Amino acid sequence: MPLQYMPGFGNDFETETLPGALPQGRNSPQRCAYGLYAEQLSGSPFTAPRGTNERSWLYRIRPSVKHKGRFSAEDLPFWKTAPHPDEHALALGQLRWDPVPVPAERTNFIQGIRTMTTAGDALGQSGMAAHIYLVNDDMVDDYFFNADGEMLVVPESGSLSIFTEMGIMEIEPSEIALIPRGMMFKVARLPGTDEARGYICENYGAKFTLPDRGPIGANCLANPRDFKTPVAAYEDKETPCRVHVKWCGRFHVTEIGHSPLDVVAWHGNYAPYKYDLRTFSPVGAILFDHPDPSIFTVMTAPSGEDGTANVDFVIFPPRWLVAEDTFRPPWYHRNIMSEFMGLIYGQYDAKEEGFVPGGMSLHNLMLPHGPDTVGFLKASTVPLGPVKLDHTMAFMFETRFPQQLTKFAAELETLQDDYLECWDGLERRFDGTLEGNWNLPAGETR
């Protein structure tokens with residue numbers, strides 16, 4: 001049967017799989033229905049203001065203390081956590097990668113996470129990490145929770161089922177899923193998917209929320225009703241299982257004799273959700289100039305400093321370009337923020353060549369970047385009429401912190417050694433005249 005979801009961002013939800021499993025009028029009755037245990041999962045301090053206070057009450061077959069035995073250390077060598085010092089000899093610069101192939105050996109979601117960059121300090125609950133995931137196997141009796149941060153999952157190829165304590169989400173390319181900090185889950189491939197690949201933003205700081213719209217008003221961008229939270233679902237099995245934990249950058253595993261995904265009912269506002277990027281309603285210039293890329297922010301994780309995000313999740317979706325007398329792609333710029341970009345499908349308008357689906361780029365703070373030569377010449381000379389930029393979806397994890405490259409990313413065979421050459425043809429066109437020298441072919445100097 002098709003999965004069911006509850007609409008709304010940050011709502012207070014209630015859901016049960018068995019009638020009467022959810023207590024009414026109280027949270028912790030003396031005896032819960034069906035012999036369940038009541039348990040609170042808090043995503044904020046108890047005393048956080050009402051507008052930012054997050055907690056959910058779970059009614060489960062066993063309390064979470066029974067889902068953990070004696071821990072032992074585990075090694076997931078490709079998953080790194082900030083602060084993570086440089087381990088490589090690659091010099092500073094603008095960087096771009098081709099897609100990373102999925103390994104030949106059986107690799108599930110947790111085993112397949114590869115860290116590209118880290119930023120900030122997970123122990124101080126600030127910053128983020130940008131990962132890719134490479135999957136060709138399912139988590140059947142393996143479960144995981146991340147105490148270091150929430151996980152924003154962005155598929156590029158293949159469809160996944162994410163079974164969390166609070167329900168099941170299915171996602172495909174052009175959809176995203178958010179798994180809150182500390183929430184147990186497992187991931188499997190959906191039928192028809194042999195291999196899956198995508199991106200993850202591990203957010204160590206304040207949780208993602210919707211950006212203020214300001215003068216835009218009450219509508220457009222990501223509308224709250226388009227965020228979907230799963231209804232309750234539980235797994236009742238008595239077989240040997242393993243629970244894996246990420247805590248302060250280290251990994252631990254414990255053996256238990258049952259599934260920890262045993263929540264029969266729940267209510268609250270600390271919950272996972274999914275969102276279809278195709279429902280994002282872009283806002284842009286309808287007369288002249290190109291707005292700042294922040295106009296495409298889907299979600300933001302605030303830093304405590306107004307207007308400066310711990311992390312922004314930004315997309316570049318299909319849209320109409322209509323601005324008059326305007327260089328329409330993103331302009332050349334240097335930025336206090338650090339930008340990790342990926343491409344889900346199509347072609348990104350500022351990079352005509354070399355940036356392909358499954359690929360990545362990194363432009364760290366104050367390093368200049370912008371359209372390649374082909375994109376610049378095309379945008380500077382094309383007749384300006386209304387144009388639909390279609391069949392494209394790029395995204396950006398943007399943070400106030402410098403993104404430190406991992407050894408894995410620095411030594412990837414898919415790193416493009418010739419990336420900087422994409423700007424080689426941007427030659428001098430200044431000749432002292434008002435018009436400039438636009439007859440100069442690309443790559444030729446005067």
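Visitor: Hi! Which residues do ring pairs link into a cluster with Trp79?
Guide: Hello! In this predicted model, ring pairs join Trp79 into a cluster with Phe109, Tyr133, Phe144, Phe185 and Phe251.

Visitor: Where does Phe251 go from there, in terms of strands? What is its bridge partner?
Guide: Phenylalanine 251 is in β18, and its bridge partner is glutamate 74. The strands involved are β5 (residues 72-74) and β18 (residues 250-256), which pair in the antiparallel sense over three bridges.

Visitor: What else is joined to β18, and by how many bridges?
Guide: Strand β17 (residues 241-247) is joined to β18 by seven bridges, and the two run antiparallel. Tryptophan 247 has arginine 250 in β18 as its bridge partner.

Visitor: How many residues sit between β17 and β18?
Guide: Two residues lie between them, and the two strands form a hairpin. In the turn, cysteine 248 has a positive phi of about 55 degrees.

Visitor: Back to rings. How many aromatic pairs does the structure hold?
Guide: There are 23 aromatic pairs in the structure. One of them brings together phenylalanine 9 and phenylalanine 227: the ring centres are 4.9 Å apart and the planes are at 75 degrees, so this pair is edge-to-face.

Visitor: Why edge-to-face at that angle?
Guide: Planes over 60 degrees apart count as edge-to-face, and the planes of phenylalanine 9 and phenylalanine 227 are at 75 degrees.

Visitor: And where in the chain are phenylalanine 9 and phenylalanine 227?
Guide: Phenylalanine 9 is in the loop between β1 (5-7) and β2 (13-16), while phenylalanine 227 is in strand β16 (residues 227-230). The pair therefore ties together parts that are 218 residues apart in sequence.

Visitor: Is phenylalanine 9 buried or exposed, and what about phenylalanine 227?
Guide: Phenylalanine 9 counts as buried at 15% relative accessibility. Phenylalanine 227 is buried too, with a relative accessible area of 0%.

Visitor: What about the rings of phenylalanine 13 and tryptophan 266, how far apart are their centres?
Guide: Their centres are 6.4 Å apart and their planes are at 70 degrees, so phenylalanine 13 and tryptophan 266 also make an edge-to-face pair. Phenylalanine 13 lies in strand β2 and tryptophan 266 in strand β19 (residues 263-268), so parts 253 residues apart in sequence are tied together. Phenylalanine 13 is buried at 7% relative accessible area, and tryptophan 266 is buried at 0%.

Visitor: Let's go back to phenylalanine 227. What is its bridge partner in β20?
Guide: That partner is tyrosine 275. β16 and strand β20 (residues 273-276) pair in the antiparallel sense over two bridges.

Visitor: Which sheet holds β16 and β20?
Guide: They belong to an open sheet of nine strands with antiparallel pairing, in the order β1-β16-β20-β13-β10-β15-β8-β7-β28. β1 and β28 (404-405) stand at the edges with a single partner strand each, so one side of each has no neighbour in the sheet.

Visitor: What is the order of the open sheet of six strands?
Guide: The order is β6-β25-β24-β27-β22-β21, with antiparallel pairing. Its edge strands, β6 (95-97) and β21 (297-305), each pair on one side only. From one strand to the next, the twist averages 10 degrees.

Visitor: How many bridges are there between β24 and β25?
Guide: Four, joining strand β24 (residues 338-345) and strand β25 (residues 360-363) in the antiparallel sense. Methionine 341 stands opposite serine 361 in β25.

Visitor: Last one: what sits over the ring of phenylalanine 401?
Guide: The charged end of arginine 400 does, 5.4 Å from the ring centre.

Technical notes
Residues are numbered from 1 along each chain as its sequence is written. This is a predicted model: local features need pLDDT of at least 70, side-chain atom pairs count only at pLDDT 80 or more; totals for chains, interfaces and linings use all residues. Side-chain values use heavy atoms; hydrogens and water are left out. Rings of Phe, Tyr and Trp (its six-membered ring) pair if their centres lie within 6.5 Å; planes under 30 degrees apart count as stacked, over 60 as edge-to-face and the rest as tilted. Buried means under 20% relative accessible area, exposed over 50%, partly exposed in between (1.4 Å probe, protein chains only). A charge sits over a ring if NZ of Lys or CZ of Arg is within 6 Å of the ring centre and within 35 degrees of the ring normal. Two strands pair if DSSP finds at least two bridges between them. Axes are lines fitted to C-alpha atoms, for helices over the stretch in contact, and angles run from 0 to 180 degrees between N-to-C directions.
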